[in-house]
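Reader: Before we discuss this protein, please show me its sequence and model. I would then like to ask about some of its residues and helices.

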Amino acid sequence: VVEPAADALQVDALVLAEPLDQPELGDAHSALGLFYYFCLQDFERALVELEEARKRSPNDGNVIFYTGLVKRRQGKLKEAIELQKRATVFDPRNPEIWVNLARSYRGQRDFQRAREMFDRALAVAPDEIQFIAEKAETYRADGDLDAAENLLRGKDPATNPVLLGETITCLVSRRRFGAAVETLSKAMDQNTENSTRLRVANDKSWLGSLKILAGQQSEGRALLEEARRELRAMREEGETSRFLSEALIWTGAALGDREIVDRELSASLARAERDLWRAPGVKEIAGAAYSILGDADRAIPFLREALAASYHRSITPAMVRLDPIWDPIRNDPRFQKLIAEKPKP
């Protein structure tokens with residue numbers, strides 16, 4: 001489920017005006033619940049409206065499904081899974097329900113069940129390349145790069161951003177930095193016309209970081225500095241999305257710009273505080289950013305919190321062991337102890 005951009009708020013409010021003229025209809029309450037969920041992220045009010053919709057349409061799979069998504073944002077993952085499972089009974093041909101159930105199990109680090117649910121989604125939508133990429137990610141998260149790469153083999157990474165990200169992450173996990181640079185460069189060339197300004201700047205930052213890993217220091221740093229200028233310009237022009245903030249964090253960390261990292265992480269942590277499906281991911285980013293900066297004292301507490309939480313694509317010890325982002329603090333005894341421990345289920 002893709003969350004609408006901030007500029008969708010006014011449009012959604014206008015769309016909702018007509019059904020609310022008939023407030024006894026379940027669809028009116030469902031629409032208002034989705035407005036509170038997606039646009040305002042007011043999860044309590046969203047649940048009130050979705051519950052009213054469920055009273056009027058108890059067998060509406062979508063209402064049950066979205067109720068589960070809201071519960072997931074509140075950190076009630078077990079309850080969310082039960083609701084998502086119930087939704088599949090009423091709407092078994094809806095791949096979005098199956099794939100979100102897979103994501104919920106993935107958040108719990110229950111990889112076997114997650115793959116089973118991805119397979120159910122693919123049975124309905126066999127050509128959905130993103131589902132395949134997400135299933136591959138579960139193998140990498142479990143430390144099985146061979147299985148992940150087998151799923152990705154033969155697919156053009158440029159056709160889907162999740163597929164591209166997973167392909168490159170597998171290459172980086174293999175320490176095949178040159179191949180990662182080549183893959184991203186090719187994808188950027190193919191997607192020039194369809195990329196947003198933020199995507200272009202973020203890809204430049206990503207490519208710069210990969211070039212540094214590949215030993216191309218001057219080229220990599222030049223790309224990172226160019227990306228930082230463009231990201232700062234977008235911020236000055238009023239862009240406030242979490243995607244911009246995360247791009248600034250990664251770019252700042254790669255350039256050793258502690259000021260940007262501290263500032264953007266503080267804002268990101270505050271912004272994500274209510275969203276317990278996303279908030280631990282910001283802590284993971286924080287840990288990684290401080291690791292890149294070589295600050296084990298700041299990185300390790302954030303990593304510890306992330307490893308103990310269930311969230312969207314929750315980090316695992318296997319992922320940390322494979323990812324060179326953590327190399328600057330890898331020899332710290334506290335770090336070694338942490339990644340040897342089994343994460344909280």
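**Buried positions and helix packing**

Reader: Thr-88 is found in helix α5 (residues 77-90). Does Thr-88 count as buried or exposed?

Author: The model is predicted, so to be listed local features need pLDDT of at least 70 and side-chain atom pairs pLDDT 80 or more, while totals for chains, interfaces and linings use all residues. Residues are numbered from 1 along each chain as its sequence is written, and side-chain values use heavy atoms, without hydrogens or water. Buried means under 20% relative accessible area, exposed over 50%, and partly exposed in between (1.4 Å probe, protein chains only). Since its relative accessibility is 9%, Thr-88 counts as buried.

Reader: Which residues does Thr-88 touch, not counting those up to four places away in sequence?

Author: A contact requires heavy atoms within 4.5 Å. With residues up to four places away in sequence left out, Thr-88 touches Ile-97, Trp-98 and Leu-101.

Reader: Where is Ser-268 placed, and which residues does Ser-268 touch?

Author: Helices are DSSP runs (H or I, at least four residues), numbered from the N terminus, and Ser-268 has its place in helix α15 (residues 258-271). At 5% relative accessibility, Ser-268 counts as buried. Not counting residues up to four places away in sequence, its contacts are Ser-245, Ile-249 and Val-282.

Reader: What distance separates the C-alpha atoms of Ala-28 and Glu-49?

Author: Ala-28 belongs to helix α2 (residues 26-40) and is buried, with a relative accessible area of 1%. Glu-49 is 21 residues apart from Ala-28 along the chain, and the distance between their C-alpha atoms is 8.7 Å.

Reader: Are α2 and α3 roughly parallel or antiparallel to each other?

Author: Axes are lines fitted to C-alpha atoms, for helices over the stretch in contact, and angles run from 0 to 180 degrees between N-to-C directions. Angles under 35 degrees count as roughly parallel, over 145 as roughly antiparallel, 65 to 115 as roughly perpendicular and the rest as oblique. The axes of α2 and helix α3 (residues 43-56) come within 7 Å and cross at roughly 160 degrees. The two helices are therefore roughly antiparallel.

Reader: How many nonpolar, polar and charged residues does the contact of α2 with α3 have?

Author: Gly-26, His-29, Ser-30, Leu-32, Gly-33, Tyr-36 and Tyr-37 in α2 meet a set of α3 residues that includes Phe-43, Ala-46, Glu-49, Leu-50 and Arg-56. Ala, Val, Leu, Ile, Met, Phe, Trp, Tyr, Cys and Pro count as nonpolar, Asp, Glu, Lys and Arg as charged, and the others, Gly among them, as polar. By class, the contact has seven nonpolar, four polar and four charged residues.

Reader: At what angle do α7 and α8 pack, and is the crossing left-handed or right-handed?

Author: Helix α7 (residues 111-124) and helix α8 (residues 129-141) pack at an angle of about 165 degrees, with axes 10 Å apart. That makes α7 roughly antiparallel to α8. A crossing is left-handed if the near helix is turned anticlockwise from the far one by less than a right angle, and right-handed if clockwise. The way α7 passes α8 is left-handed.

Reader: How many aromatic pairs are there, and is the pair of Phe-65 and Tyr-66 stacked or tilted?

Author: Rings of Phe, Tyr and Trp (its six-membered ring) pair if their centres lie within 6.5 Å; planes under 30 degrees apart count as stacked, over 60 as edge-to-face and the rest as tilted. The count by this rule is seven aromatic pairs. Phe-65 and Tyr-66 have ring centres 5.0 Å apart and planes at 50 degrees, so this pair is tilted.

Reader: Which residues form one aromatic cluster?

Author: Phe-65 and Tyr-66 are both buried. One aromatic cluster is formed by Tyr-37, Phe-38, Phe-43, Phe-65 and Tyr-66.

Reader: What is the phi of Arg-109?

Author: Most residues other than glycine have a negative phi. Arg-109 lies in the loop between α6 (95-107) and α7 and is buried, with a relative accessible area of 11%. Although the residue is not glycine, its phi is positive, near 65 degrees.

Reader: Against which helices do the buried residues of α9 pack?

Author: In helix α9 (residues 145-152), the buried residues are Leu-145, Ala-147, Ala-148, Glu-149 and Leu-152. They pack against α8, α10 (161-173) and α18.
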